[in-house]
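Please look over the sequence and the structure below before reading on.

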Amino acid sequence: MRAAVYNGPHSIELAERPDPVIAAPTDAVVRVVLGCVCGSDLWYYRGESPHALGPIGHEFIGVVEEVGAEVRGMAPGDLVVAPFTYCDGTCAHCRAGVTSQCVAGGSFGNHGIDGGQGEAVRVPLAGSTLVRVPGSSHSDETMRSLLTLSDVMCTGHHAAVSAGVRPGSVVAVVGDGAVGLCAVIAACRLGAARVIVLSRNPKRQELARSFGATDILAERGDAAIEAVLELTDRVGADATVECVGTGQSLATAMAIARPGSTVGAIGAPHGVDFPVMDTVVFRNIGLRGGIAPARTYIPELLDDVLEGRIDPGRVFDFETNLDGIAEAYAAMDERRAIKSLIRIAAAQHGAPLAC
């Protein structure tokens with residue numbers, strides 16, 4: 001099969017890899033319909049985080065081709081969403097809802113597991129990992145939003161949940177990438193009365209407003225902190241989400257949070273050297289977040305996508321196929337794109353899908 005492979009910094013290529021096969025009775029083989037590039041993939045692409053040479057990509061939806069003897073609840077021909085980490089659903093962490101920390105789990109596109117930026121994937125622990133999508137003949141708009149449930153929408157939701165967004169909250173979002181934009185959707189879905197987004201990019205500002213943001217601030221650093229305090233009568237935000245992962249973004253998020261509130265931090269940390277404990281202790285600021293337990297969130301968000309109540313697929317503003325995988329990375333790396341979508345297969349439920 002054809003799949004994207006990581007050959008080192010700034011080197012993503014399309015290559016031939018072995019077709020996946022059932023290796024354990026709990027496996028399934030999924031033919032990928034749509035995949036995409038994650039913001040975290042860019043850290044590997046830029047050489048700022050380590051990644052093994054070989055398959056890459058962890059966000060995909062597809063059609064089940066084959067299931068192992070012990071897989072229940074799905075069959076060949078089913079359209080499924082794959083959370084970016086697989087899990088057994090039975091360990092103590094899974095039972096607590098933290099499926100991203102499953103003791104038997106792992107992530108796609110790592111440690112010999114097929115990546116989502118390829119034609120097919122062997123999915124370990126398929127029965128407890130994959131989420132079957134009901135219905136058929138879904139629109140292209142719906143398919144794009146279903147793809148976001150593999151990671152980015154669930155991660156934005158995790159940021160909002162971790163920050164404690166409640167009805168009537170004033171929410172501040174630090175980061176205007178795809179996750180930050182999905183956090184805007186999540187905050188509004190959870191009932192936020194006001195959503196303040198820190199963004200300098202006109203295109204992203206416009207999308208944030210369309211998702212429900214009420215205020216856009218272009219300032220950064222101390223100026224951003226002052227601007228948020230001015231907007232909130234110098235109280236700060238009731239809930240703050242941090243979707244970047246740098247020292248400056250975390251410092252800003254902690255500084256604009258109201259005393260007694262929580263920062264939901266989901267940005268992959270890079271160069272963070274920040275005295276968190278001083279802020280936590282002396283300003284009574286909580287810090288939560290981490291790797292989103294996507295498998296826990298997909299069922300509740302799936303209904304909203306299928307019913308058209310949320311449309312996170314609009315974060316995809318660059319499209320290509322596997323032949324254009326290198327450009328998909330370059331477009332995001334150069335900030336010409338918010339998030340790159342990769343069309344791979346042309347069928348759902350065994351019927352033609354217009355691509």
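This is a predicted model: local features need pLDDT of at least 70, side-chain atom pairs count only at pLDDT 80 or more; totals for chains, interfaces and linings use all residues.

The structure holds zero disulfides, a disulfide being a pair of cysteine sulfur atoms within 2.5 Å. For C94, the closest cysteine sulfur is that of C91, and because the two sulfurs are 3.7 Å apart, they are too far from one another for a bond. C102 likewise takes part in no disulfide, its nearest cysteine sulfur being that of C94, 3.7 Å away.

Three strands, in the order 2-1-4, make up an open sheet with antiparallel pairing. Between strand 1 and strand 4 the antiparallel pairing runs over two bridges, and Y6 stands opposite G54 in strand 4.

## The loop between strand 1 and strand 2

H10 lies in the loop that links strand 1 and strand 2, where its relative accessibility of 49% places it in the partly exposed class. Leaving aside residues up to four places away in sequence, H10 touches Y45, R46 and D333. Its C-alpha atom is separated by 37 Å from that of G286, a residue 276 places away along the chain.

## Helix 12 and its cover

Which residues of helix 12 are buried? In this helix, which spans residues 325–333, they are I325, A328, Y329, A330, A331 and M332. The cover over these buried residues includes strand 1 (2–6) and strand 2 (12–16), together with helix 1 (39–45), strand 17 (318–321) and strand 18 (340–343). After helix 12 comes R335, whose phi is positive, near 60°.

## A nonpolar surface patch

M277, V281 and F282 together make a nonpolar surface patch of about 370 Å². Of these residues, M277 has its place in helix 10 (residues 276–282), and with a relative accessible area of 54% M277 is exposed.

Notes
Residues are numbered from 1 along each chain as its sequence is written. Side-chain values use heavy atoms; hydrogens and water are left out. Buried means under 20% relative accessible area, exposed over 50%, partly exposed in between (1.4 Å probe, protein chains only). Helices (H or I, at least four residues) and strands (E, at least two) are DSSP runs, numbered from the N terminus. Contact means heavy atoms within 4.5 Å. Patches are made of residues with over 30% relative accessible area and no salt bridge: like charges are joined within 9 Å, nonpolar side chains (Val, Leu, Ile, Met, Phe, Trp, Tyr) within 5 Å. Accessible areas come from the Shrake-Rupley method with a 1.4 Å probe; for residues, only the protein chains shown count as cover. A salt bridge is a side-chain nitrogen of Lys or Arg within 4 Å of a carboxyl oxygen of Asp or Glu. Two strands pair if DSSP finds at least two bridges between them.
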